[in-house]
Amino acid sequence: MSFSLHGLAVSHGIAIGRAHLVSHATLEVAHYTIRERDVALEVARFDVALNTVQTELATLHDEASGPGAPAELAAFVGIHAMILADPLLSEAPRQLMRERRCNAEWALVQQMEQLVGHFDEIDDAYLRERRQDIVQVVERVLKVLTGRPRKLGRRGKGTDKDDSELIIVAHDLSPADTIQFKTLKIGGFVTDLGGATSHTAIVARSLAIPAVVGLHHARSLVRDNDLLIIDGTRGVLIVEPDLRVLEEYRLRKSELELERAKLKRLKSAKATTLDGEDISLQANIELPQDIGQVKDVDAAGIGLFRTEYLFMNRDELPTEDEQFESYRSVAKAMAGKPVTIRTLDVGADKQARALRSISGAERQEPNPALGLRAIRYCLAEPQLFMTQLRALLRASHHGRVRILVPMLAHVAEIEQTLALIEQAKGQLREARVKFDEGIEVGGMIEIPAAALVLGPFLKRLRFLSIGTNDLIQYTLAIDRTDEAVSHLYDPLHPAVLRLIAQTIQAGARAEVPVAICGEMAGDPALTHLLIGMGLRQFSMHPSQILEVKQQVVMADAEQLGLKVARLLRCDEPDKIREQMERL
Ligand code: PEP
Ligand code: MG
């Protein structure tokens, strides 16, 4: 049966492919209705799975009883076999399948939840542990029922046609999960949770794969291997589309590919407005391997290297040498073009396993977006910070490296950071290690307090970069990862526009360059607005650069300046949108 779900469009394009369900909790299963005449078949499928696991456990028991095997293992396997044989686990799900015409996986999990619910109330620790045994046995049966997870192919090696792209369906994905898609051949992904500027969504855009988040029930309604269409532009997921819809989307997909191919002609064009203003279009990257994409569009530099991704999906922290190699490789590849490397911005939705060993990271934060993240975390962990600073400074000998500091709000934070940079320089001088003595240090403007009181920032820093993702989050008090309030996350809110415009204008007066590296910079619908505000440096995912360049070459900066000055005087959202149409 075909149906569609609506969520938030976070990464444009169309993907057509087969569903691959992923979950952090193995026991999250789909629920679907079985036709009356197929119920007996579903029960038989369940029985086959029980028998398979019974055989598995018997084999395991034989092996565990042999010489050399730890004594507890046989006992433990024996308990699992007993649990499996108990009618409480086999008969009740059969009954549920017959009564409710539901699938076997769902019936089994329902019964399991009933059983383990009682265990939670037991005081005895030994008995409580049996709860985990029941869960493990159920997991074994579910594995047989749902089949082994398909192996995900490496990117670039697949020969799949469009309909066999792999589409990830998850309840939620962390940025650390998503960054792994860079090396996998994934057609797109959809999640139940998430906001449009969550880091998961940002990574999707950097991968240039279609994605829809905030779908609420996709993970429970979609089944493994269902045929899916992701419309990443409209925020729609179509499950098991009929042939007519499928043909329509295939056509749209090839049209989009054609448009993308045409855009490539702009690669060598200068990013200059009609009235001769040069606009610098730089790239945001997460990992050194993104440089290939940066070169493909001939970006003017790296405006934001989010170094926290080097710390994810690993148990150990990257060493100074390892970090140095990553930064140096990017600096060298950019051959003299600016490479703006941001110091570690962990915390909130960006968590890194390797940091758990450090104090503070394990703490349950009451409000992570307002907690110990980014520069606050680095200043609380000076050893970790100094390692990164030395690696950055060493890399500055190999290209035009600039240091960008995230989440600054207080003058004291700037001063402490600059002092630590001086200290790192001193250590390198002492060790006779070369670095760029004149390395520029800049700050992110992403907390309203910084945008409102810019003087101290302009005095102490050599450049500024506006992080609109967080600036919007903190100005409007909207958690950028929470789909429940995503409709209120509005880049065109007059308060947001004024903070951005003020920052750009104050930078121009003080002759301190100001860039934007938040998601607003990569949205072609906002290019004219930002040029009209006086912005001359944009940084975005490489996949967005040519589309934005197309807008730049059609812009008249002077005319836009006049129109935007008028727009900025509006307080009414409707008027702002009306004036946006005229830009
Ligand atoms: C921002 O906040 O706009 C930004 C660029 O930083 P991040 O998205 O990594 O928080
Ligand atoms: Mg930010």
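I count as donors to a metal the N, O and S atoms within 2.8 Å of it (3.2 Å for Na, K and Ca); water is not among the atoms, so sites may look incomplete.

The model is predicted: local features need pLDDT of at least 70, side-chain atom pairs count only at pLDDT 80 or more, and totals for chains, interfaces and linings use all residues. Residues are numbered from 1 along each chain as its sequence is written, chains are lettered from A and ligands numbered from 1 in the order in which they are written, and side-chain values use heavy atoms, with hydrogens and water left out.

Entry: metal site. I looked up the magnesium ion (ligand 2) and found it coordinated by Glu 446 (OE) and Asp 470 (OD), at 2.0 to 2.1 Å. Glu 446 lies in the loop between strand 13 (440–445) and helix 15 (448–452), and Asp 470 in helix 17 (residues 468–476), so the pair ties together parts that are 24 residues apart in sequence. Helices (H or I, at least four residues) and strands (E, at least two) are DSSP runs, numbered from the N terminus. Both Glu 446 and Asp 470 are buried (under 20% relative accessible area, where exposed is over 50% and partly exposed in between; 1.4 Å probe, protein chains only).

Entry: helix 17 again. I found Gln 473 in this helix, buried with a relative accessible area of 4%. A polar atom of the Gln 473 side chain lies 2.8 Å from the backbone nitrogen of Arg 480.

Entry: barrel. I traced a closed barrel of 8 strands, 9-10-11-12-13-14-15-16, with parallel pairing (two strands pair if DSSP finds at least two bridges between them). Strand 14 (residues 463–466) is joined to strand 15 (residues 514–516) by 3 bridges.

Notes
Polar contact = N/O pair within 3.5 Å; in protein donor to acceptor, adjacent residues only side chain to side chain.
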